[in-house]
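Subject: Structure for your review

Dear colleague,

Please find the sequence and structure below, followed by an account of what was found. I would be grateful if you could read the two side by side.

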Amino acid sequence: MAKKKKRVDLKKNRSKPARDKGWTRGFQQHGYTEEAPVSAERVRTKGDLSRKRTIETDADSDHMPRVDQTLCLPGRVVTVFGLDNLVQTADGRRLRCKVRQVLKSLSTDERSIVATGDRVWVLPVSKDEGVIERVEPRHGVLTRASRGREHVIVANVDQVVIVMAIREPDLKLHLIDRYLASATKGAIQPIICLNKVDLADPVALQPIVGYYSQLGIPTLLTSATTGQGIERLRNLLRDRQSVISGQSGVGKSSLLNAIQPELALRVREVSEVNQKGKHTTTTADLIALDFGGWVVDTPGIRQFGLWDTIPEEVEGFFVEFRPYVSLCAFPDCTHTHEDRCAVKKAVALRYLSEQRYFSYLGMFSGDGQVAGPD
Ligand SMILES: Nc1nc2c(ncn2[C@@H]2O[C@H](COP(=O)(O)OP(=O)(O)OP(=O)(O)O)[C@@H](O)[C@H]2O)c(=O)[nH]1
Ligand SMILES: [Mg+2]
Ligand SMILES: [Zn+2]
C-alpha cells in the first residue's frame, strides 16, 4: 500500500502527561508509541494549539493512520455507547475500546469517528479492552441530521429494511419516501416492510405494495404477531448486512425476535405503549444472524433529515419520474409551478402516484427534516 504523510493538529490535552490508567500502561507494554518519533514532530512557538505532528497514512484512504498488523486485530464495531465501543474481533472476542486520540484529530465530526458497523483495527490492551487505531473506509452509510450535523447511524450495510406499521402508529407514506431517498443517497438497497398486517385489511394495501414493487423495491406485508411474511423477510436478510429502521413502536425489535427468537430483544410492553417519546431500543446494535448475515436494530428515528440535499437532487430520488422529466417544456423544470410540465401531467393522468408527487414537493421545498410524532 502506498504511504502518504499528513499533518494533523496536536490536541491541547496531548501536551499534558497522560494519566497512568491501567489500559495506558497496557499499550505502552505492547510497544506502541503514542507520540510520533521526535524528528517528525515540529513544535512552533505559537503555543499548544498550533502544534502539529506528522503521521503516516495510506494514500488510498488519506484520513487514517497505518497500523502495525502484527500487534493489531481486525474487528467490527457492534455497539457504540458514549465514548466506549464494543468491538468483535476476528477471533470472536468482544473488546471494550476507546478511540485513539489522533483519530479524533483527523475527523471533522468527532461524534461519527466510529459508528456501529465500522470495520476497525484494534490494539488489545487487556483481556477485554482495546484501543481503536484505525477505521477502514466506509461504504453503505445510513446517516441522519442531528443538531445541524451529519450523524452516522450505521456503516457498511448493504440494505435497509424500512419498517412501517399499518396501524399503531398509522401508516405514513411520505415517511417511506424519505427513508427511500436516504437509502438512495447512501447507496443502500431498500426493502419495505409493512408490519402489523394483522390489524388491517391487507386488500387495501395491495396498491401500495404494487407501486413500490414496480419500482424494484421488495415490499412485504408482515406481522410479528401471526408470523405472516417472516419467512420471506428471513430470506431477504440471509447473508446480507442489513439495518432495520423505522419509527418507534412499528415493531422492528418484534420482527427480529420473530425471525430469531433467541435474540429476545426487548420490545415495548403494552403498558408502555402510551409513553410517547420513549424508545424501547436505545442503541444501534449489530446482531449476528444464525442463518448468516448481520442486522442492526436501530432506535426509532425521531428526526429523519436528508443531510446536505439540494432541491435539484430530489428529482433523482423519484426514479419513476425519469421518463417524463425530459418531456417537460423547460429543461430546468422543477415540476412545481411550471406550465407544460410532463411530470404534473402524468400525475393528473394517474401514471404517477399522487402520493409520491406530494412527497416530492415536500422534499423539494427543503422540508428535509420531518419530526416524527413519537
Ligand atoms: N398487532 C401487532 N402488534 C405488533 C406487531 N409487531 C409489534 N407489535 C407490537 O408493537 C409494539 C412495539 O413493538 P417494538 O418491537 O418494541 O417496536 P420497535 O419498532 O422496536 O420500537 P423502538 O425500539 O421504540 O424503536 C409492541 O407492543 C409489540 O408487541 C405486529 O405485527 N402486530
Ligand atoms: Mg426496538
Ligand atoms: Zn416538469
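Helices (H or I, at least four residues) and strands (E, at least two) are taken as DSSP runs and numbered from the N terminus. This is a predicted model, in which local features need pLDDT of at least 70 and side-chain atom pairs count only at pLDDT 80 or more, while totals for chains, interfaces and linings use all residues. Residues are numbered from 1 along each chain as its sequence is written, and chains are lettered from A and ligands numbered from 1 in the order in which they are written.

Two strands are said to pair if DSSP finds at least two bridges between them. On that basis, 5 strands close into a barrel in the order E5-E6-E7-E9-E8, with mixed pairing. From one strand to the next the twist averages 55°; axes are lines fitted to C-alpha atoms (for helices over the stretch in contact), and angles run from 0 to 180 degrees between N-to-C directions.

Strand E5 (residues 73-81) pairs with strand E8 (residues 119-124) in the antiparallel sense over 4 bridges, and there Pro-74 has Trp-121 in E8 as its bridge partner. E8 and E9 also run antiparallel, joined by 5 bridges, and they form a hairpin with 4 residues between them. Within that pair, Leu-123 is bridged to Val-131 in E9. By contrast, strand E7 (residues 94-99) pairs with E9 in the parallel sense over 4 bridges, with Arg-96 opposite Glu-129 in E9.

A residue is called buried if 20 or more other C-beta atoms lie within 10 Å of its own, exposed if 12 or fewer, and partly exposed in between, with C-beta atoms placed from the backbone. Strand E9 (residues 129-135) is mostly covered, as 6 of its 7 residues are buried.

The open sheet

Another 6 strands form an open sheet in the order E14-E13-E12-E15-E17-E16, again with mixed pairing. Its edge strands, E14 (219-221) and E16 (285-288), each pair on one side only. Here the twist averages 25° from one strand to the next.

E15 runs parallel to E12, to which 4 bridges join it, and Gln-159 stands opposite Ser-242 in E15. A further 4 bridges join E15 to strand E17 (residues 294-297), also in parallel, with Val-243 opposite Val-296 in E17. Because 5 of the 5 residues of strand E15 (residues 241-245) are buried, this strand is largely enclosed by the rest of the structure. Both of its faces are covered: Gln-241, Val-243 and Ser-245 are buried on one side, and Ser-242 and Ile-244 on the other.

Strand E13 (residues 189-195) and E14 pair in the parallel sense over 3 bridges, where Cys-193 has Leu-220 in E14 as its bridge partner.

The core and the helix pair

A nonpolar core is a set of buried Ala, Val, Leu, Ile, Met, Phe, Trp, Tyr and Cys residues joined through C-beta atoms within 7 Å. The largest one has 80 residues, and Cys-193 is one of those with the most contacts inside it. Two residues are in contact if their C-beta atoms, placed from the backbone, lie within 7 Å. Leaving aside neighbours within four places in sequence, the contacts of Cys-193 include Leu-233 and Leu-255.

The axes of helix H5 (residues 230-237) and helix H6 (residues 252-259) come within 10 Å and cross at roughly 90°.

Loops

Ile-166 lies in the loop between strand E12 (159-165) and helix H3 (173-185), and counts as buried because it has 23 C-beta neighbours inside 10 Å. Ala-200 is 34 residues away in sequence, yet the C-alpha atoms of Ile-166 and Ala-200 are 6.9 Å apart.

Pro-169 is placed in the loop between E12 and H3 as well; a cis peptide bond joins Glu-168 to Pro-169, with omega about -5°. Most residues other than glycine have a negative phi, and most peptide bonds are trans. Asn-156, which is not a glycine, has a positive phi of about 60°, and this residue lies in the loop between strand E11 (149-154) and E12. His-335 likewise has a positive phi of about 60°, in the loop between helix H8 (322-325) and helix H9 (342-348).

With kind regards
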